[in-house]
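Reader: I am new to this structure and would like to learn how its features are read. Could you take me through them slowly?

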Amino acid sequence: EQVGQQRLEFDAAAPALKKPAAMAVDFSSIAKGYGVDKIAEWLQSQGIEDYLVEIGGEIRVAGLNPHGRRWRVAVEKPEPMTREMIAAVTLTDAAIATSGDYRNYFEVDGVRYSHSIDPRSGAPVRHDLVSVTVVHPSSALADAWATALTVLGPERAMDVALKQDLAVYLISRDGEDFRSDSSPAMEPLLGME
């Protein structure tokens, strides 16, 4: 009863978004990425060529880091209680975003549920894909793609990534361990410089 974007009313003159009282609106799939893009645009308008902007894990970089190299961003191992790196992505003039179920989830009767909701069913996603990292020129779109691909699951996510020529790094649960897969567009970005 609390979902359905068709129930929203947008008043451009105000500007205002009107919703029925019982409806919940959650922009977390793109809000941080959008904010990163806006800050990056402002930095560029000020003539700043080298920067890293990060909000809640969504990142956009330009130019080079303080050591004169391309920026290197870690992809975390998808375990809730660790901050261990599983891969490194080296990039410049791009954004990177990761979505997953390893930080935000809940358990009911010993069953773990993702915070990501499949809009087709209205239920939390239930598959082995636990982390999706996307590199894209736009942080908002990297953020949105990472969320959407997380919902799709490993096989469909990779199919979409290949069709859209997206740079993606997928991590799936494999028993007690993890397996990773990357798209051809991501391959040149993986590793160290």
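**Reading burial and salt bridges**

Author: Valine 25 counts as partly exposed, because its relative accessibility is 33%; buried means under 20% relative accessible area, exposed over 50%, and partly exposed in between, with a 1.4 Å probe and protein chains only. This is a predicted model, in which local features need pLDDT of at least 70 and side-chain atom pairs count only at pLDDT 80 or more, while totals for chains, interfaces and linings use all residues. Residues are numbered from 1 along each chain as its sequence is written, and side-chain values use heavy atoms, with hydrogens and water left out.

Reader: What is a salt bridge, and how many salt bridges does the rule give here?

Author: A salt bridge is a side-chain nitrogen of Lys or Arg within 4 Å of a carboxyl oxygen of Asp or Glu, and the count comes to 4 salt bridges. One of them joins arginine 60 to aspartate 37, with the closest N and O atoms 2.7 Å apart. Because arginine 60 lies in strand β4 and aspartate 37 in helix α1, this pair ties together parts that are 23 residues apart in sequence; helices (H or I, at least four residues) and strands (E, at least two) are DSSP runs, numbered from the N terminus.

Reader: Is aspartate 37 buried or exposed?

Author: Aspartate 37 counts as buried, at 7% relative accessibility, and arginine 60 is buried too, with a relative accessible area of 12%.

Reader: Which side chain meets lysine 38 in a salt bridge?

Author: That is glutamate 41, at 3.4 Å from N to O; both residues lie in helix α1, 3 residues apart, or about one turn of the helix.
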